[in-house]
Amino acid sequence: METDDERTRRQNAEREAELERVPLQTIDKSQWPKGVRPIALSETNGLGIDNDGRLHWNGKPVEIIGRRVDLTRGQSAFAIVVAMFTIFGAIGAAAQGWAAYHDWACKNKQPALLSCPSN
């Protein structure tokens with residue numbers, strides 16, 4: 001069983017290894033929007049985490065901007081229509097490619113999937 005001193009040394013070594021892998025970030029407050037200030041130590045009890053690992057501030061989930069795409073119904077419908085036309089276009093391009101190959105193969109006496117017309 002490890003002593004408190006050994007446990008503290010192990011935790012410190014783990015923390016040093018973590019900081020080596022992912023160093024502390026340099027904070028540039030000049031880039032912050034107006035009206036934003038650093039969190040005070042007395043406010044840290046407003047941070048929480050749920051069973052799924054989602055961060056909460058003062059009981060409300062924290063949104064991570066730029067990580068998730070939420071579409072409206074109209075946007076979703078439009079995306080589905082665009083995806084369908086993309087699939088139809090891909091099928092058309094494949095058919096055109098197959099027809100071009102078949103025509104080339106018949107003209108150059110190469111193997112074709114269908115029999116070539118007699119000339």
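How accessible is glutamate 2, in relative accessibility? At 31%, glutamate 2 counts as partly exposed, where buried means under 20% relative accessible area, exposed over 50%, and partly exposed in between (1.4 Å probe, protein chains only).

This is a predicted model, in which local features need pLDDT of at least 70 and side-chain atom pairs count only at pLDDT 80 or more, while totals for chains, interfaces and linings use all residues. Residues are numbered from 1 along each chain as its sequence is written, and side-chain values use heavy atoms, with hydrogens and water left out.

**Overall form**

The protein has 2 helices and 3 strands, which run α-β-β-β-α from the N terminus on. Its radius of gyration is 31 Å, well over the 14 Å that the globule rule gives for 119 residues, so the protein is more spread out than a compact globule. That radius is taken over C-alpha atoms, and the rule is 2.2 Å times the number of residues to the power 0.38. Helices (H or I, at least four residues) and strands (E, at least two) are DSSP runs, numbered from the N terminus. Along the principal axes, the C-alpha trace spans about 90 × 45 × 35 Å. Buried residues make up 4% of the 119 residues.

The structure holds 9 salt bridges, each defined as a side-chain nitrogen of Lys or Arg within 4 Å of a carboxyl oxygen of Asp or Glu. Three of them are listed below.

| Pair | N to O distance |
|---|---|
| Glutamate 2 – arginine 10 | 2.8 Å |
| Aspartate 4 – arginine 7 | 2.3 Å |
| Arginine 15 – glutamate 18 | 3.6 Å |

Glu2 and Arg10 also belong to a network of salt bridges with Glu14. Arginine 10 is partly exposed, with a relative accessible area of 35%. Aspartate 4 and arginine 7 both lie in helix α1, 3 residues apart, about one turn of the helix. Aspartate 4 counts as exposed at 54%, whereas arginine 7 is partly exposed at 31%. Arginine 15 and glutamate 18 are likewise 3 residues apart in α1, about one helical turn. Arginine 15 is partly exposed at 43%, and glutamate 18 is partly exposed at 37%.

**Loop and sheet**

Arginine 37 is found in the loop between α1 (4–21) and β1, and counts as exposed at 53% relative accessibility. Its C-alpha atom is separated by 31 Å from that of glutamine 11, 26 residues apart along the chain.

The 3 strands form an open antiparallel sheet in the order β1-β2-β3. β1 (47–49) and β3 (60–61) stand at the edges with a single partner strand each, so one side of each is left without a neighbour in the sheet. Two strands pair if DSSP finds at least two bridges between them. Strand β2 (residues 55–57) is joined to β3 by 2 bridges, and histidine 56 stands opposite proline 61 in β3.

**Helix α2**

Helix α2 covers residues 73–107 and includes isoleucine 87. Its 35 residues should span 51 Å at 1.5 Å a residue, which agrees with the 51 Å between its end C-alpha atoms; the expected span is 1.5 Å times one less than the number of residues. His102, Ala105 and Cys106 are buried in α2. Lysine 109, which follows α2, has a positive phi near 55 degrees.

Ile80, Val81, Met84, Phe85, Ile87, Phe88 and Ile91 form a nonpolar surface patch with about 730 Å² of accessible area together. Patches are made of residues with over 30% relative accessible area and no salt bridge, with like charges joined within 9 Å and nonpolar side chains (Val, Leu, Ile, Met, Phe, Trp, Tyr) within 5 Å. Accessible areas come from the Shrake-Rupley method with a 1.4 Å probe; for residues, only the protein chains shown count as cover.
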